[in-house]
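Reader: Hi! Could you walk me through this one?
Author: Happy to, take a look first.

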Amino acid sequence: MLIVKRPTVEITFGEDYRSNIRTYDANPMKEPEFKRDIIFTPDDTEDRTLTWYQGTKEEVELAAQTGNTSGLQLVDWKDTVSSGGTGGTVSPSNVEDTEGSTEAGTYPPRNAGFYLLKVELKPTPTSMGAIEYQIFTINPRPANVKGSSRSKAYGEEDPNWGDSSWYIDDLLPGDELIGQIDRERGENAGTYLVTRGSLRNENYTINFTPGKFVIEPRQLEWNNEYLFMVTQDGFSVVGGLGLKYTAEENDDELIEELWENDDVSLSIARLNLAADSN
């Protein structure tokens, strides 16, 4: 009896698919074309399957080595919806792409991350089947974000940290940042850094330039007889009372009311200006 050994199919990748490191550009990787991007030798069957997976760098590398993809997830960005600022996984939120297949794992990736393409060819009467893996990395896109400068008077609430509290020129159409910027802690008069806070998009590496947040001393009001000054440890004048003082007001009660919840050691001085009125 004559036994003919069927050859194993060799799977190779064309130039575009051998280059496996890309930078996020809000567009999905192009669908591979057989005979150009994925080449079968011999090529005698149409019974072939492409499956796209995603995972961490370590998970993807291990799956490529062992052929076990059970620890990976299928690529499914077409089913991803906008996070709506809730802090979930961020994709190019407002761009919809319903072209081609929408079944998870059957289309190329778009978002930054680590991916594995599994190419499987079924056996035929004239050749053995074959499986080949190729790893792809889509790196986050750099983005420069600058915090705006804000201010308030001592004792006021912080302004709303909305979209106008930061500037960015590098977001691609349809993309958005979620979260909000923050500032250094402190409520005394002075200058504080505006920080990145929770601002993020997983498709971008954010280079954040801090802004400045200034708490202005609150101006005190006085009559012609008395000026009240609040001094911190006897050194500098600190505004922040925002009250009108008259000679008829009970000074002791005012001081007790103003500073009963303050953890800073303060002293109150009263100057008689009437004597210097001339």
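**Strands and salt bridges**

Author: Strand β1 (residues 10–13) pairs with β3 in the antiparallel sense, over four bridges; two strands pair if DSSP finds at least two bridges between them. Helices (H or I, at least four residues) and strands (E, at least two) are DSSP runs, numbered from the N terminus.

Reader: Before we go on, what sort of model is this, and how are things counted?

Author: This is a predicted model, where local features need pLDDT of at least 70, side-chain atom pairs count only at pLDDT 80 or more, and totals for chains, interfaces and linings use all residues. Residues are numbered from 1 along each chain as its sequence is written, and side-chain values use heavy atoms, with hydrogens and water left out.

Reader: Thanks! Which residue is the bridge partner of F13 in β3?

Author: That's I38. Buried means under 20% relative accessible area, exposed over 50%, and partly exposed in between (1.4 Å probe, protein chains only).

Reader: New topic: how many salt bridges are there?

Author: The count comes to 13, taking a side-chain nitrogen of Lys or Arg within 4 Å of a carboxyl oxygen of Asp or Glu.

Reader: And K152, is that buried or exposed?

Author: K152 is buried, at 6% relative accessible area. Its salt-bridge partner is D158, with the closest N and O atoms 2.7 Å apart. Elsewhere, salt bridges that share partners join D16, K30, E33, R36 and D37 into one network.
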